[in-house]
Amino acid sequence: MIVLADIRKRLCEAIRESGLTQMEIARRLGIAQATVGQYLSGRAMPALDTFANLCTVLDVDPAYILCLSN
């Protein structure tokens with residue numbers, strides 16, 4: 001079963017492992033740096049379109065973040 005906590009964990013790991021700063025990620029996505037911080041803290045999850053673009057920016061497979069693949 002897929003649970004939101006696992007998705008949040010994988011998203012946070014991908015952001016941290018990307019080597020990009022929160023500011024750089026925010027700039028590339030056209031969102032506030034604080035929003036990226038909320039993703040990292042688990043207080044917020046990206047909208048679907050932002051999620052898709054975030055996966056592109058982070059160069060990560062969305063299926064992995066969504067716990068559909070290892």
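Contact here means heavy atoms within 4.5 Å. By that criterion, Thr-50 touches Leu-29 and Tyr-39, leaving aside residues up to four places away in sequence. The structure is a predicted model. This briefing covers the packing of its helices, its nonpolar core and several individual residues.

**Packing of α2 with α3**

- Two packed helices are described by the angle between their axes and the distance between the axes.
- Helix α2 spans residues 22–29 and helix α3 spans residues 33–41; the two pack at an angle of about 115 degrees, and their axes are 8 Å apart.
- Because angles of 65 to 115 degrees count as roughly perpendicular, α2 and α3 are described as roughly perpendicular to each other.
- The crossing in which α2 passes α3 is right-handed.
- On the α2 side the contact is made by Gln-22, Met-23, Ile-25 and Ala-26, and on the α3 side by Gln-33, Val-36, Gly-37 and Leu-40.
- The residues of this contact of α2 with α3 comprise five nonpolar, three polar and no charged.

**Packing of α2 with α4**

- Helices α2 and α4 pack at an angle of about 125 degrees, with 10 Å between their axes.
- The orientation of α2 and α4 is therefore oblique.
- Here too the crossing is right-handed, with α2 passing α4.
- Helix α2 contributes Ile-25, Arg-28 and Leu-29 to the contact, while α4 contributes Thr-50, Asn-53, Leu-54, Val-57 and Leu-58.
- By class, the residues in the contact of α2 with α4 are five nonpolar, two polar and one charged.

**The nonpolar core**

- In soluble globular proteins, nonpolar side chains tend to be buried together.
- The largest nonpolar core in this model has 19 residues, and those with the most contacts inside it are Ile-15, Ile-25, Leu-54, Leu-58 and Ile-65.
- Two or more residues of this core come from each of α1 (4–17), α2, α3 and α4.
- Leu-58 touches Ala-14, Ile-15, Ser-18 and Ile-25, with residues up to four places away in sequence not counted.

- Thr-50 is placed in helix α4, which covers residues 48–58.
- Thr-50 counts as buried because its relative accessibility is 15%, and buried means under 20%.
- Thr-50 and Lys-9 are separated by 41 residues in sequence and by 17 Å in space, C-alpha to C-alpha.
- Thr-21 lies in the loop between α1 and α2.
- With a relative accessible area of 48%, Thr-21 is partly exposed.
- The C-alpha atoms of Thr-21 and Leu-54 are 13 Å apart, although the two residues are 33 residues apart along the chain.

**Residues with positive phi**

- Most residues other than glycine have a negative phi.
- Asp-59 has a phi near 55 degrees, a positive value in a residue other than glycine.
- Asp-59 is located in the loop between α4 and α5 (62–65).
- Asp-59 is exposed, its relative accessible area being 73%.
- Cys-67 also has a positive phi, near 65 degrees, and is likewise a residue other than glycine.
- Cys-67 is located in the segment after α5.

How values were computed
Residues are numbered from 1 along each chain as its sequence is written. This is a predicted model: local features need pLDDT of at least 70, side-chain atom pairs count only at pLDDT 80 or more; totals for chains, interfaces and linings use all residues. Side-chain values use heavy atoms; hydrogens and water are left out. Axes are lines fitted to C-alpha atoms, for helices over the stretch in contact, and angles run from 0 to 180 degrees between N-to-C directions. Helices (H or I, at least four residues) and strands (E, at least two) are DSSP runs, numbered from the N terminus. Angles under 35 degrees count as roughly parallel, over 145 as roughly antiparallel, 65 to 115 as roughly perpendicular and the rest as oblique. A crossing is left-handed if the near helix is turned anticlockwise from the far one by less than a right angle, and right-handed if clockwise. Ala, Val, Leu, Ile, Met, Phe, Trp, Tyr, Cys and Pro count as nonpolar, Asp, Glu, Lys and Arg as charged, and the others, Gly among them, as polar. Buried means under 20% relative accessible area, exposed over 50%, partly exposed in between (1.4 Å probe, protein chains only). A nonpolar core is a set of buried Ala, Val, Leu, Ile, Met, Phe, Trp, Tyr and Cys residues joined through side-chain atoms within 4.5 Å.
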